[in-house]
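Dear colleague,

I am passing on the structure below, together with notes on what was found in it.

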Amino acid sequence: MDTVNFNGFLRSCILSTWNLTRLIICFVQWCTNKFVHGTSKKQNVEFIEIIHRSENFLIINKPYDTYINSNNPDKKNTLQLKLREMLPDLVNPKLCHEFHFVHRLDYPTSGIICIALNKRAARVASCAFEHQKVQKFYLALVHGHVHEPYIVIDKAIGDDIRKKNSNHKMCTSDSIFCEKPRRSYTALMVLEHGLWKSKPATKILLAPGTGRRHQLRVHCNYIGHTIIGDYTYSEGKDTEPCRTYLHSFRLILNCDIANIDVRTTDPFDARMLAEYQTTNVTRTLDESIFCDIYKLIE
């Protein structure tokens, strides 16, 4: 057991050292660019946190407002391009988008995303995600106070036919504009109540039981508690925040070649957000809440 703990500690130290080294390099690059180009030009040197790296998987903390990849060469704000610059040794030129992205996150959503580093890992992980063998947990700040301690949202989601030729949008099956709805269910647990810019807000933990496009955003909007900053599902009304407050917080992947359980820090900690104030804590992010919410979708 001591050897296992030591190896885990050693891996953590190596990863932390690597992240710190990359941060220093990015800072030096930024200083160099600023010196060479002056302050009139904006330099986009961005550090992406690596949470886990092994021979089979790379798990990173995706920045918000970033595409995974794109067939449009004019879209430069993609995770693919950022990783190519940051980790050129992992680029696979035989792949259409150079990396095995085994699952997706929406453009505005930040947090954990898993990348397979070889064919076998891609096959195993893709199968696990497809058959809902992966546990995913998200954090969100939503408008209004959710009064129930937990909610299971079981509402089918389909394409919104009004948006088929523009930005892709989804809707629930009760809409007359819903096309090809599929069963979708999400568990929600309240973490705390608070105020966002003096207006009622709730911090929640979400666990999707299915994997539909925009599922968490659609389901939160369906129950009347749209995610703060979600421009699309607030019908263009929520323009004040700098981002959509939805974050992929924890991932548990148990498969034939790996047993992974990773999480990020909480980006919606009230101590870190000037515009959000906690008024009442209902649950904390201890192990019991993850067990409780997962039981709701089993």
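**Overall fold and conventions**

The protein chain has five helices and 14 strands, where helices (H or I, at least four residues) and strands (E, at least two) are DSSP runs numbered from the N terminus. This is a predicted model, in which local features need pLDDT of at least 70 and side-chain atom pairs count only at pLDDT 80 or more, while totals for chains, interfaces and linings use all residues. Residues are numbered from 1 along each chain as its sequence is written, and side-chain values use heavy atoms, with hydrogens and water left out.

Of the 298 residues of the protein chain, 46% count as buried; buried means under 20% relative accessible area, exposed over 50%, and partly exposed in between, with a 1.4 Å probe and protein chains only. The accessible surface of the protein chain is about 16400 Å², of which 51% belongs to carbon and sulfur atoms, the areas coming from the Shrake-Rupley method with a 1.4 Å probe and, for residues, with only the protein chains shown counting as cover. Among contacts in the protein chain between residues at least 6 apart in sequence, 64% join residues at least 24 apart, a contact being heavy atoms within 4.5 Å.

**Nonpolar cores**

In soluble globular proteins, nonpolar side chains tend to be buried together. In this model the largest nonpolar core has 51 residues, and those with the most contacts inside it are Ile-60, Leu-79, Ile-204, Leu-205, Leu-206 and Tyr-245; such a core is a set of buried Ala, Val, Leu, Ile, Met, Phe, Trp, Tyr and Cys residues joined through side-chain atoms within 4.5 Å. Strand S10 (residues 185-196) gives the most to this core, with seven residues. A second, separate core has 21 residues, including Ile-59, Ala-128, Phe-129 and Cys-255. As for Ile-60, its contacts, leaving aside neighbours within four places in sequence, include Ile-48, Leu-79, Gly-111 and Ile-113.

Phe-57 lies in strand S2 (residues 57-62) and is buried, with a relative accessible area of 0%. Not counting residues up to four places away in sequence, Phe-57 touches, among others, Cys-114, Ala-121, Leu-253, Cys-255 and Ala-258; the C-alpha atoms of Phe-57 and Ala-258, which are 201 residues apart along the chain, are separated by 8.6 Å.

Leu-246 lies in strand S12 (residues 246-254) and is likewise buried, at a relative accessible area of 3%. With residues up to four places away in sequence not counted, the residues that Leu-246 touches include Pro-108, Tyr-138, Leu-206, Leu-216, Arg-217 and Phe-268.

His-100, in strand S3 (residues 100-101), counts as buried at 19% relative accessibility. Leaving aside neighbours within four places in sequence, His-100 is in contact with Asn-92, Leu-95, Cys-114, Ile-115, Ala-116, Asn-118, Lys-119 and Ala-122.

The largest pocket has a volume of about 1500 Å³. On a 1 Å grid over the protein atoms alone, a pocket is an open set of points where a 1.4 Å probe fits, with protein on both sides within 12 Å along at least five of seven lines, and lining residues have an atom within 4 Å of a point. Grid points are joined across faces, edges and corners, and the volume is the space filled by probe spheres set on the points.

This pocket is lined by 48 residues, of which Asp-106, Tyr-107, Arg-213, His-214 and Arg-217 lie nearest its centre. By class the lining has 14 nonpolar, 18 polar and 16 charged residues, with Ala, Val, Leu, Ile, Met, Phe, Trp, Tyr, Cys and Pro counted as nonpolar, Asp, Glu, Lys and Arg as charged, and the others, Gly among them, as polar. Helix H3 (119-130), strand S5 (134-143) and helix H4 (215-222) each supply at least two residues of the lining.

Six of the eight residues of H4 are buried, so this helix is largely enclosed by the rest of the structure; the buried residues are Gln-215, Leu-216, Arg-217, Val-218, His-219 and Cys-220. Just after H4, Gly-224 takes a positive phi of about 85 degrees.

**Backbone points to check**

Glu-98 has a positive phi of about 70 degrees although it is not a glycine. Glu-98 lies in the loop between helix H2 (79-86) and S3 and is buried, with a relative accessible area of 14%. Glu-235, in the loop between H4 and S12, also has a positive phi, near 60 degrees, in a residue other than glycine, but Glu-235 is exposed, with a relative accessible area of 54%.

With best regards
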